[in-house]
Amino acid sequence: MRGSALLMVGLGALFFAGASDAASALEPETREAIVLHDRVWEGFSYVENFVPSETEDVLLLADADNALRYVKTLEYFWPLSREVYVAFDTLREELPGELVISQNGVAVAEIGLDDYTIVYPEGMLGGHSRMVWGEEARKAFRDFKRAMADYNRAFAEAQRDRSRYLRELREAAEARVKNGETRTVVPPIPEPDPVLGSATEPRSAFRVSLPAGVYEIVLRSDGQAVPETRKTLRVIPVSSTSEVTADVIPEERWTRVLSSNQPSDRVFVGEGKTFYLTLTRSNRFDEVAYARLTRPQALATSGRETWIRREPHDADTIEISWDGGDFVPVARSDFKAEQTQGRNLGYVIRPAAEGERPDLSAFPVAVPLDRAASRAVLRLPAADGADTDWTREIIVVRESPPILVWGTALVPAAFGVGLAALRRVRRHAGRTTKRSQARS
Amino acid sequence: MVLAETTVALRVARPPAPEPAPERDAEAEVPGGVDRLPRNRFGQARILRVLVARELRRKLSSVWFYLVASGACLIAAMVGSGFVRGFATESVLVSRNPLAVVDAFVLAFLGAVLGLRLAAAMSWEREHGTLEVLLSGPVRWTTLVLSKFAVELVVLAVLLLLYSAYVAIGRPLGTAVVDAGGLAGLWLTAPLVLPLMGLGLLVSAGLGGVRLAVTAYILALGFLGAIEAATAWLNLQSPETMALSALYIRSALNAAGEWLFWLSPLAYLGDLFRVAAADMAVGPERSLAAAGLASGLIALSVLVAARRGVS
């Protein structure tokens, strides 16, 4: 709604401003504005975003550290994407002051600026991250810089030693060719292990971590509220921190995966078919909330949930029970999708051979060609052998006899027509009786 | 004609024993009237029961009822066979309830048919002058309007029962696909068609001729449907590729949509397809809102009918 309002304002401005000259149509008009430049926790990692000046709502996840900073910058509407952008490289003036947070008119917190950094213990692509503040942040960044410097030094030393090794190797070879002299060449020192961990450069921001609720925030400087900094802060709980979602891979379309996110999802499958199942750890969000959390100007469908997939589940075995029978294990296996020979399109999915790079690591589920098999339940046992909440129902689809499908559908009509015909016959018989009585 | 017969039936159905004292409302009785049934609350409840029972007997014994029931089953057979045919080329489908799509078509069909019948209900009585006859008796506007809706409500319930029986016996989606949980979904979503029936009643309450009422009802549905379709279509477009005028219209429709979401009978019908397409369940708040809107439309129908009068 706020996004729509902003869009309308932008569109209205474009309508009424008109194309006064060609240059203004090419270069969007910028204006000075105060925006919020944030690093927000999205349930798994930190994302950077900004909240335009005319967007009133700011969304955060509950009970997690977030960094908020008011910044004066140049803001402009970009018609190609219909979004508001900022020119931080042209103007970026971080506003000083305290962040005042109130709820129902009562101040609940006054927060001063502090340094923060985001630490990625497994590297920026590893996913996991945490936000640290104050001295710990500065130390984390110093440690990271030191680790990088040590690595660079060790790497440079290893490179130098390798050059020495190559030089000595060449000299030894030449000496051997020249006078048969045998020299011992000391192998080079190994290159250092790369620094996996990473930390961002410390920045100054307001540290906000609140329980779920609706708050009001404003920047206060020199005892006065700074104009255009008042916003509504909506802090929402994470619906679920670690849901297990499944992806169903049909054997005939292994690149077109079917998602099965909800426990109420059922897998309908033809008899004699096989499908492959992979499990993922995911977070569940309201679609609008997640979109606004990560991209405050994003449009999304309300009333719908979205699952954000995080990392593959580490389970090696799931269990299956057909028609209420005993659960039997299904092991995760590696598969290779192999193109069929010849000019025709086609492929087969086969178990990957030893040492072969697999295309797919999944649980194969084969539906028996048995008329009796109609339903199955898949479940994920916990590491300690106990049951987990994750289950999926499999239903085997078999066509009903057409006479049953179409014939039964026509039964009410046949009954109605029969009823009407019977009534007509009775009425006719009654009239005939009356007439014969009248005659007699 | 129907209610004229009903009036006669009321006279016949009058109990021979005198009414119990607390139920009588001497002032409300028609003085020297053709019928001495009380006009108080308890009496009206009995009249309502008689009106509903009488008209229901007629409806359930007419051919159209069974044709509509078969129509609903044939819709299920067609949509269901499409589902089964899909497995000729696809081996797997993930869905919460594939019956929801079939239910959506069937409920939309039944809602439209029963709404149309309700649109003709009061206007037929008015056109044929039978309202005057009936209201000169002990029947109040509220009872009359309620009876019209209640009859179609029961008809809807019986049609849904027949449809449920068909799904369980005929298995149009294939064997083992539908279970009790899937069938329960039908009854949870059924309240979403009530506003459509309420709209039919409202149109009927305010208009004097069957043809006029049916035309007005179809036009109202067409107008609301066009808004729904245009909003859905514009929302599917990417903002980057849309003209500014289209974006303006989209924003305006979305702003209006926030009201129409709760007030348009078509929005509730659209919910049936939306949730079926998105494989979601209808929330209880939507079913309650649909029932609330239908109640509001019935109350409005009573006011409109009383204001319009018998002619």
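Predicted model: local features only at pLDDT ≥ 70, side-chain atom pairs only at ≥ 80, totals over all residues.
Let's start with α4 of chain A, which covers residues 287-294. Its buried residues are A289(A), Y290(A), R292(A) and L293(A). They sit on the same side of α4(A), because the arc they cover around the axis is only 170°. If you want the background, residues three or four places apart in an α-helix point the same way, since there are 3.6 residues a turn. And what do the buried residues of α4(A) pack against? Five strands of chain A: β1 (30-41), β3 (57-61), β15 (231-236), β19 (274-286) and β20 (305-312).

Let me pick β15(A) from that list. Its covered face has K231(A), L233(A) and V235(A), while T232(A), R234(A) and I236(A) make up the uncovered one. As for partners, β3(A) pairs with β15(A) in the parallel sense over five bridges, with L60(A) bridged to V235(A). β13 of chain A, residues 213-221, also pairs with β15(A) over five bridges, but antiparallel. There, V214(A) is opposite R234(A).

Now, over to chain B. Contacts involve 46 residues of chain A and 40 of chain B. On the chain A side, α5(A) gives the most, with 13 residues. By type, that side has 26 nonpolar, 10 polar and 10 charged residues. If you're looking for it on screen, find V267(A) opposite V94(B).

Conventions:
Residues numbered from 1 in each chain as written. Chains lettered and ligands numbered in written order. Buried ≥ 20, exposed ≤ 12 C-beta atoms within 10 Å, placed from the backbone. Helix = DSSP H or I, 4+ residues; strand = E, 2+ residues; numbered from the N terminus. Arc of directions from axis to C-beta. Contact = placed C-beta atoms within 7 Å. Nonpolar A, V, L, I, M, F, W, Y, C, P; charged D, E, K, R; others polar. Pairing = 2+ DSSP bridges.
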